[in-house]
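Please keep the viewer open as you read.

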Amino acid sequence: MSDHTTATPPSRVKPLVKKGATLGFVKELKEKGLWPPRLHDRKDRYHNNDKKPVATPFLVIPVTFGDMGLRPVSNSLSFHSQAIWIEDTLGNLIATPITGNTYIIKCRIFNLGAFASYAGLVDFYLDKPSVFNAIAGTNASIPAFGRSGFTVLPGNFVDVKCPTLWKPVAEKDLHKSILVQAFDPFTDMYTSTFDARNDRHIGR
């Protein structure tokens, strides 16, 4: 994720908002019922524009081919997302990992919305399935195994790899589950953390 010169030392520049916080204009627009913005038909400026789709991303980690993001889904589907896989360092798809080898975790994210996601984030988690089951839909938090960013245009998908390589060292590591949360903190945030069954932003 260019260098520039400035007359003011960077340490003295006061940010407009705290890092990750919503800019002030968004709050004002929300109070007026104008956020998120909607697509408008320029040929029909005065009629039916309130019925146009919301101009935001609609991010989905699909459980199967053709998944349009409708939730909930069954446990058997939500625990085996086809959009998450592992590869070896040569790029070969791996179905059964073994201890001592090094792997890359990847995830495919679709944007089915009417607007691009320019500030997408992906959190990768690696833990026992029982841990993910216990914290699904709660306010609990665990450290991410890795985080990456992405940009995806409407009607497109992007493949994102975890920046941290996975190297299982013991048999118990092979029984861990991979969980991924993909979201745009400004325009398409998840609603139920670690809950792959009920939230389209989350895959296992």
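Predicted model: local features only at pLDDT ≥ 70, side-chain atom pairs only at ≥ 80, totals over all residues.

Residues are numbered from 1 along each chain as its sequence is written, and side-chain values use heavy atoms, with hydrogens and water left out.

**The sheet**

- Four strands make an open sheet in the order β6-β5-β8-β9, with antiparallel pairing; strands are DSSP runs of E, at least two residues long, numbered from the N terminus, and two of them pair if DSSP finds at least two bridges between them.
- β6 (146-152) and β9 (202-203) are the edge strands, each pairing on one side only.
- Strand β5 (residues 117-127) is joined to strand β8 (residues 177-183) by seven bridges, and the two run antiparallel.
- β5 also pairs with β6 in the antiparallel sense, over six bridges.
- Asp123 has a bridge partner in each direction: Gln181 in β8 and Arg147 in β6.
- β5 is largely enclosed by the rest of the structure, because eight of its 11 residues are buried (buried means under 20% relative accessible area, exposed over 50%, and partly exposed in between, with a 1.4 Å probe and protein chains only).

**The nonpolar cores**

- In soluble globular proteins, nonpolar side chains tend to be buried together.
- The largest nonpolar core here has 21 residues, and Ile109, Val122, Phe124, Phe150 and Val180 have the most contacts inside it (a core is a set of buried Ala, Val, Leu, Ile, Met, Phe, Trp, Tyr and Cys residues joined through side-chain atoms within 4.5 Å).
- Two or more residues of this core come from each of β2 (84-88), β4 (103-111), β5, β6, β7 (156-161) and β8.
- β4 gives the largest share of this core, four residues.
- Another core lies apart from it and has eight residues, among them Tyr125, Ile135, Leu179 and Ile202.
- Leaving aside neighbours within four places in sequence, the contacts of Val180 include Ile61, Ile84, Cys107, Val122 and Phe124 (contact means heavy atoms within 4.5 Å).

- Is Gln181 buried or exposed? At 1% relative accessibility, Gln181 counts as buried, and it lies in strand β8.
- A polar atom of the Gln181 side chain lies 2.6 Å from the backbone nitrogen of Phe194.
- Beyond its neighbours within four places in sequence, Gln181 is in contact with residues including Leu121, Asp123, Tyr190, Thr193 and His201.

**Aromatic rings**

- A search of the whole structure finds five aromatic pairs (rings of Phe, Tyr and Trp, the last by its six-membered ring, pair if their centres lie within 6.5 Å; planes under 30 degrees apart are stacked, over 60 edge-to-face and the rest tilted).
- Phe115 and Tyr118 form an edge-to-face pair, 6.3 Å centre to centre with 85° between the planes.
- Phe183 and Tyr190 are also edge-to-face, because their ring centres are 4.9 Å apart and their planes are at 80°.
- Phe183 and Tyr190 are both buried, whereas Phe115 counts as partly exposed at 39% relative accessibility and Tyr118 as exposed at 56%.
- The charged end of Arg200 sits over the Phe58 ring, 3.7 Å from its centre (this needs NZ of Lys or CZ of Arg within 6 Å of the ring centre and within 35 degrees of the ring normal).
- Arg204 lies over the face of Phe79, at 4.3 Å from the ring centre.

Methods. Polar contact = N/O pair within 3.5 Å; in protein donor to acceptor, adjacent residues only side chain to side chain.
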